[in-house]
Structures are given as structure tokens and as C-alpha cells.
Amino acid sequence: MGVSFFKDADDFCEEHPEVILLCSSIIATESVLRSFPTQRLKRNTLFADVLSVKEFPRNLFLQVLPPEFDILCTHPMFGPESGKAGWSGLPFVYEKVRVGKGARAERCYRFLNIFAKEGCRMVEMSCAEHDRHAAESQFITHTVGRMLAKLNLESTPINTKGYETLLRIVENTSGDSFDLYYGLFMYNKNATEQLERLERAFDALKKQLVGQLHQILRKQLFEGSSSVQSSQNISALADMQNSHPSGNSSGEQKIKELTDVVKEVK
């Protein structure tokens with residue numbers, strides 16, 4: 001392939017590469033960068049990264065690297081699974097954080113053109129905007145995929161297209177390390193809000209189901225349905241409440257009231 005491998009970072013830097021592309025894990029990036037012998041590099045070296053979060057490396061580069069160095073933050077929005085058939089049409093996000101003019105700008109263009117030639121959809125975007133979008137898309141996808149993986153879902157003889165999509169989400173996300181998922185959470189300030197939104201959405205959906213069942217029960221009780229059927233529905237309502245006990249005192253009271261009414265009907 002015509003690629004040279006260096007075990008020693010000092011030996012590598014003494015070759016004076018034009019571009020340094022950091023491909024470390026999110027959680028290891030700071031220690032890798034701080035241990036790098038940047039004093040052995042040319043003063044106009046271009047540093048780039050491919051992390052799945054962007055504000056963190058941007059701020060780290062600006063803090064650690066000499067002001068003469070160029071900085072390019074990138075995120076190829078695909079991995080081994082989603083990009084195994086080719087990169088055509090897949091998004092490649094980047095921000096030219098600090099790029100000089102003339103030959104330095106041309107060097108940055110040549111680097112980005114490597115991905116453009118492969119058909120990537122090149123998206124220039126600020127690191128802050130990237131992290132907002134990534135928390136709503138990538139982090140949510142990984143969270144849902146890992147939640148579904150804990151259910152040990154299996155393929156069935158009657159899979160729907162929607163269920164097969166869920167299985168693919170599990171497959172695509174469970175292949176990544178937990179360190180990657182942790183990095184998406186720890187190093188993106190927007191991730192905590194998305195977790196809270198996800199929990200609130202699940203609670204709201206359960207309340208909607210319980211509320212609908214409550215209305216059905218009342219209709220059955222006061223429009224002549226059998227007490228056996230009503231008792232079964234109350235049991236279902238109780239199961240839903242017990243599966244998520246926090247903050248369900250009002251639900252428990254409804255169940256008690258409806259149970260008392262059924263007893264009177266009997």
C-alpha cells in the first residue's frame with residue numbers, strides 16, 4: 001500500500017507529515033493529544049479528527065495545539081456496517097476551525113476531496129450544530145438499539161418490515177464498543193437532555209395507554225358489560241401501573257375505585 005508504520009511518535013513526527021489525522025477513541029483523545037510530540041512537527045501542520053462528537057475535540061485542539069497549526073474537525077457519519085457497500089451518498093460533516101490561506105487552504109481541500117471523490121455528501125457545519133443534531137439522531141439511535149438488545153429480540157417466522165428494521169438497529173449498534181456509546185453521552189452536552197426527553201416520552205405514552213384503558217373500563221362498568229371482563233381490564237391496568245411504580249399513586253387510586261365498583265356490580 002506504500003504506507004510506513006512508526007511505533008514511536010517521535011520518529012513519526014520527524015518525518016514532518018503535512019496532515020495528522022487522529023483516529024483514537026473519544027475517551028482516549030485528550031491523553032493521546034497531550035502526549036504527542038508536537039514540537040517535532042512543522043509549524044503549519046494540519047490536525048484533523050474523526051470523532052463522533054465535535055465540540056470536545058474542537059475545544060481540545062484549540063487549547064493544546066500551537067496557534068500556528070491548522071485545525072479541521074470532521075465526522076464521517078458512517079461506520080464499518082453502514083459504509084461496507086461504499087460511501088456514496090453518506091454524509092461527511094466538517095468544520096474548518098482554523099485553516100490558513102494559500103497552500104494551507106489547498107492542503108485542507110485535498111484532504112476533504114479524498115472523501116468527496118468517494119461520493120460522500122460533504123456537509124460543512126459548525127461543531128456545536130453537529131453535536132445538537134447528533135444527540136437527536138446518533139445518540140438516540142444507539143440508546144434505542146442498546147435498550148432493544150437487552151430485550152434479547154429474535155427473528156420470528158412472521159417478522160414485519162418494522163420489526164426487521166428494529167433488528168437491524170440492534171445489529172448496527174451492538175457491534176460498537178460501549179466506550180463509543182459512553183463517549184457519545186459523556187462528551188456531548190446535549191445527550192443528557194435527550195435521555196430525559198426519551199424517558200418523559202415513554203412515561204407520557206404509558207399514561208396515554210392507562211388513560212385510554214381507564215375510559216374503556218368506565219364505559220364497560222356503566223353501560224352493562226360483564227364484571228368478569230371489567231375485572232380482567234382492571235387487572236391489565238394494575239399490571240401496567242406495577243411495571244412502572246414511580247409516581248403512580250393516582251393510578252393506584254383509580255384501580256382501587258374501579259375494583260370497588262366491580263365488586264358492587266357483582
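Which residues in α5 meet which residues in α6? In this predicted model, Thr141, His142, Gly145, Arg146, Leu148 and Ala149 of α5 meet Leu166, Ile169, Val170 and Thr173 of α6, where contact means heavy atoms within 4.5 Å. By class, this contact has 5 nonpolar, 4 polar and 1 charged residues; Ala, Val, Leu, Ile, Met, Phe, Trp, Tyr, Cys and Pro count as nonpolar, Asp, Glu, Lys and Arg as charged, and the others, Gly among them, as polar.

Helix α5 spans residues 127-149 and helix α6 spans residues 161-174; their axes come within 8 Å and cross at roughly 105 degrees. Axes are lines fitted to C-alpha atoms, for helices over the stretch in contact, and angles run from 0 to 180 degrees between N-to-C directions. The two helices α5 and α6 are therefore roughly perpendicular to each other, a term for angles of 65 to 115 degrees.

**Basis of the model**

Residues are numbered from 1 along each chain as its sequence is written. The model is predicted, and local features need pLDDT of at least 70, while side-chain atom pairs count only at pLDDT 80 or more and totals for chains, interfaces and linings use all residues.

**The chain as a whole**

The chain has 10 helices and 5 strands; helices (H or I, at least four residues) and strands (E, at least two) are DSSP runs, numbered from the N terminus. Of the 266 residues in the chain, 36% are buried. Buried means under 20% relative accessible area, exposed over 50%, and partly exposed in between, with a 1.4 Å probe and protein chains only. Among contacts in the chain with a separation of 6 or more, 70% join residues 24 or more positions apart.

**Individual residues**

| Residue | Relative accessibility | Class |
|---|---|---|
| Cys23 | 57% | exposed |
| Cys120 | 8% | buried |
| Glu95 | 17% | buried |

The count of disulfides comes to 0, a disulfide being a pair of cysteine sulfur atoms within 2.5 Å.

Glu95 lies in strand β4, which covers residues 91-98. Leaving aside residues up to four places away in sequence, Glu95 touches Arg58, Ile71, Leu72, Cys73, Met125, Ser126 and Cys127.

**Helix α3**

In helix α3 (residues 55-64), the buried residues are Glu55, Phe56, Pro57, Leu60 and Phe61. These buried residues of α3 pack against β1 (19-22), α2 (29-34), β2 (46-49), β3 (70-76) and α5.

Key. Heavy atoms only, no water. Parallel < 35°, antiparallel > 145°, perpendicular 65-115°, else oblique.
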